[in-house]
Amino acid sequence: MLSHEDNELLVRVGAGTPMGKLMRLYWIPFLLARDVPADGLPYRVRLLGEELVAFRDSTGAVGLVDHACPHRGAPLQFGRNEEGGLRCVYHGWKFSVDGSCQEMPAEPENTPMLKRVRVKAYPVQERNGVLWTYMGPDAEPPPLPSMEWNMVPPENAHVSMRIQECNWLQALEGEIDSAHAAFLHSRVDAGGAIGDWKQTADLQPKFEVVQHDAGIHIASRRKFEGDRNYIRVNQFLMPFWTLVPPFSEFPELSGHAWVPMDDEHTLCITFSYHPAQPFYAKTKKLMKEGHKGRETGHHSEVAYEKRAVNEPYHTYWSRYSRANAYGFNEELHAVYNAGFPGLWVQDAACQSGVMPIYDRSKENLGVSDSGVARTRRVLLEAARKLATEEIRPASAQEPDKFLVRAISIMIPAGGDWMAHGREFMQAQPGKDFGYQP
């Protein structure tokens, strides 16, 4: 378990906090490019407790700026995005994507304020339909991280977003906890494809954790027929990434960026991809539409609850929330181990259902929580080294540290999974799995 003090250090991400400073060393994915058309309505964003708006100017450049006009605090959310800048509707002050002020219509033509006044702005890069920002201290940001899901051709991937009502770490820890899947996502009866998952053959996996330059390999070893071990290696990557191994006859790699909106809300960016070929059309359709009213690991496009445009991420709030018990249904509960309408909803209900920030000092961790415990230690150490010694993690400056894959392989019983899996855990866009998942 964590002390109250360590729990507070991990979940507080505002400017000036140890974890907030650590997060700001990294490029942060924050929006899909399609959400900001050129000269379109600005899009409200909240990241690391900061209130922002994103917009795309007439040239196609994207800006991420403070939500309040620096003149008298009017909301730039309602600004007019026109002719190469965002114009406040209150007095007409107009700002470029870099935050510089272009026009002050009510002020004298030669006013010195025009050169002096700026709106806070963060640099933005766009790659394969995803917008990234750097909120850190360096005038020259590091390169974008080499995250394979965002480097393969767009047709090889499916990306979705949703809001989760808890702190970022509660959400992240659910995905590196490999022991829960065979329980939480199972059925009461013998039906469904989940009953065929290899991990259901052994419900007491042995966990082995190995730290690396970008994060942690979290391996679960399960006994399997024929004197073999089934090895699943999940990945935690600094500061908020998780990667999940393939598991079905249509293998895919998947994972999340668990991006903190603030201390109590998380932007969940979910990605699934094939490293070497276009993504399966049927699988993508299921992810977009769900299946018979049930959600997959992705939020479906039909289950969003659109909110007012001045609410951060107004198009990505789900109709499944703590307020309606995440759609819990007694009839579903009679068929499925957890009576929620689909995979991600089951996860979110367990991660968020009690409270936005759970008191981890009340936990009782077991051997199956090895990956969770080590992840917390890695984050605490990194945040403290940065705060006290100004030592940055290597992954904050070296993008290729992120060229890592999660894997699921069969090896001889008792075999060395690092030796057997080392080649397969090395990501390289265009390179196939190299084994039969």
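Start with β12: 8 of its 8 residues are buried, so the strand is mostly covered. Buried here means under 20% relative accessible area, with exposed over 50% and partly exposed in between (1.4 Å probe, protein chains only). Strands are DSSP runs of E of at least two residues, helices are runs of H or I of at least four, and both are numbered from the N terminus.

This is a predicted model: local features need pLDDT of at least 70, side-chain atom pairs count only at pLDDT 80 or more, and totals for chains, interfaces and linings use all residues. Residues are numbered from 1 along each chain as its sequence is written, and side-chain values use heavy atoms, with hydrogens and water left out.

Colour the two sides of β12. A157, V159, M161 and I163 point one way. H158, S160, R162 and Q164 point the other way, and both sets are buried. In a regular strand, side chains alternate between the two faces of the sheet.

Next, select residues 266-273. This is strand β18, antiparallel to β12 over 8 bridges. Two strands count as paired if DSSP finds at least two bridges between them. Pick R162: its bridge partner in β18 is C268.

Stay on R162 and show what it lines. R162, I163 and Q164 are among the residues around the second largest cavity, whose volume is about 70 Å³. A cavity is a set of points, on a 1 Å grid over the protein atoms alone, where a 1.4 Å probe fits but cannot get out; lining residues have an atom within 4 Å of a point. Grid points are joined across faces, edges and corners, and a volume is the space filled by probe spheres set on the points.

β12 gives the most, with 3 residues. Helix α8 (343-352) also gives two or more. By class, the lining has 6 nonpolar, 3 polar and 3 charged residues. Ala, Val, Leu, Ile, Met, Phe, Trp, Tyr, Cys and Pro count as nonpolar, Asp, Glu, Lys and Arg as charged, and the others, Gly among them, as polar.

Now jump to the largest cavity, at about 80 Å³. Select Y26, P143, P145, S395 and F402, the closest to its centre of 15 lining residues. That lining divides into 12 nonpolar, 2 polar and 1 charged.

Finish at the second largest pocket, about 570 Å³. A pocket is an open set with protein on both sides within 12 Å along at least five of seven lines. Select E173, D177, C350, Q351 and E363, the closest to its centre of 19 lining residues. Helices α4 (168-175), α8 and α9 (370-389) each give two or more residues to the lining.
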